[in-house]
Amino acid sequence: MTSFARFGVVGGGAWGTALAQLLAADGAPVLLWAREAEVTAAINAEHRNPLFLPGAPLSPSLRATGDLADLAGLDALLVVVPVPYLRAVLADLPTDTAPLIFCSKGMEAGSFAFPVDIARALFPERPLAVLSGPTFAHEVAAGLPTAITLAAADPAIADALARALARPHFRPYASTDMIGAEIGGAVKNILAIACGIVDGAGLGLNARAALISRGFAEMTRFGLARGAQAETLAGLAGLGDLVLTCTSSNSRNFALGQGLGRGESAAVLMRDRRTVAEGAFSAPVIAEAARAGGIDMPITDTVARLVAGETGVAQAIQALLSRPLRREGA
Ligand SMILES: NC(=O)C1=CN([C@@H]2O[C@H](COP(=O)(O)OP(=O)(O)OC[C@H]3O[C@@H](n4cnc5c(N)ncnc54)[C@H](O)[C@@H]3O)[C@@H](O)[C@H]2O)C=CC1
Ligand SMILES: O=C(CO)COP(=O)(O)O
């Protein structure tokens, strides 16, 4: 098996840049593809990414390119493109056999595909993996302690990639449950918006704790129905990330929810934003997938309607609180 010494990163947003910095911090060469010429120029000339990760000094061994063809021949690629744009970027990747490690958290509209589903259809021969967990980009770039799930269908590849990505302060836990890791990351983004709404509307900490645990029940129902393992959902990629992003306004999803909770318009909050709040894209998609599968996801459905401007915060809260009482495990 290869040693995975030379990594490439596809996507120069906050998370792609932080992962590239993690791997380049010890002087290892890392090549990052970014869409914005301003980002590639600043990384190469000034060793920083002022658009998406301001304030984080980057290693000179991290180089950037605007040409996806330059990623040919590397040992593995971390793919960190927001899910709505992922398919188009993957279609332009150079033909290769190196593993693709998906780090984005969402479900594609229309196809109801997670990143690995999209890639499997495009690259049936390439090893695929998922990297997901409670990982604010600025903390990883700063070298703060972080643990994360690394899932691949083949346990030997999962172990090898986990070893290759591990650093003294960055601990990947290997798993074979790719769908569990993907569902945990996608659903927690939606629940982070819900918790932000509760915070912005001043509904208190009891309500937030209730949302986290009832939201986790939704994530588990959806995940188990799609073949995820319960321990993955209760692990770093599910519950771990849910706790992180439901309790901090450093989360863009939580911050979006705070705005909604304060009564700001969803359309205005979504307009002109440079950074992503993936939960806003995924909420209607996962809500529809759940409905089609007969899976009860009232919080996800409510977030989808709030983001679409179809309901207001007071009305949505009233609707959630007036649902029939039920047994907890049901
Ligand atoms: N920021 C974080 O702390 C973490 C983010 N993630 C996930 O990583 C993924 C990427 O997020 P960030 O790096 O934070 O992004 P970001 O919000 O920092 O930047 C937006 C990214 O979207 C890209 N983009 C915008 N329009 C595009 C288009 N038309 N085609 C292709 N790319 C386009 C930009 O080039 C940029 O890379 C998301 O799925 C997010 O949920 C996962 C873990 C941590
Ligand atoms: O996924 C994240 C941390 O694990 C980042 O969350 P936000 O996209 O909400 O900022």
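**A helix pair and its surroundings**

Author: In helix α13, residues G279, A280, A283, P284, I286, A287 and A290 meet T300, D301, V303, A304 and V307 of α14. Contact here puts C-beta atoms, placed from the backbone, within 7 Å. The contact residues divide into 9 nonpolar, 2 polar and 1 charged. Nonpolar means Ala, Val, Leu, Ile, Met, Phe, Trp, Tyr, Cys and Pro; charged means Asp, Glu, Lys and Arg; the others, Gly among them, are polar.

This is a predicted model: local features need pLDDT of at least 70, side-chain atom pairs count only at pLDDT 80 or more, and totals for chains, interfaces and linings use all residues. Residues are numbered from 1 along each chain as its sequence is written, while chains are lettered from A and ligands numbered from 1 in the order in which they are written.

Now the geometry. Helix α13 covers residues 278-292 and α14 covers 298-307. Helices (H or I, at least four residues) and strands (E, at least two) are DSSP runs, numbered from the N terminus. The two helices pack at about 130 degrees, with axes 8 Å apart. Axes are lines fitted to C-alpha atoms over the stretch in contact, and angles run from 0 to 180 degrees between N-to-C directions. α13 and α14 are therefore oblique to each other. Under 35 degrees is roughly parallel, over 145 roughly antiparallel, 65 to 115 roughly perpendicular, and the rest oblique. The crossing of α13 and α14 is left-handed: the near helix is turned anticlockwise from the far one by less than a right angle.

Next, the record. UniProt, in an unreviewed entry, lists residues 177-317 as "domain: Glycerol-3-phosphate dehydrogenase NAD-dependent C-terminal". Such annotations may be inferred rather than shown by experiment. The end C-alpha atoms of this span lie 34 Å apart. The span is 73% helix and 0% strand.

Ligand 2 comes next. It has 13 residues around it, and T135, D241, S251, R252 and N253 come nearest. A residue counts if its C-beta atom, placed from the backbone, lies within 6 Å. Helices α7 (178-200), α10 (236-245) and α11 (252-261) each give two or more residues to this shell. α10 gives the most, with 3 residues. The shell around ligand 2 divides into 4 nonpolar, 5 polar and 4 charged.

The unreviewed UniProt entry also places "binding site" at K105, R252 and N253. These residues span 149 residues in sequence, yet no two of their C-alpha atoms are more than 12.8 Å apart, so they gather at one spot. K105 lies in the loop between β5 (100-102) and α4 (115-122).

Note on methods: Two residues are in contact if their C-beta atoms, placed from the backbone, lie within 7 Å.
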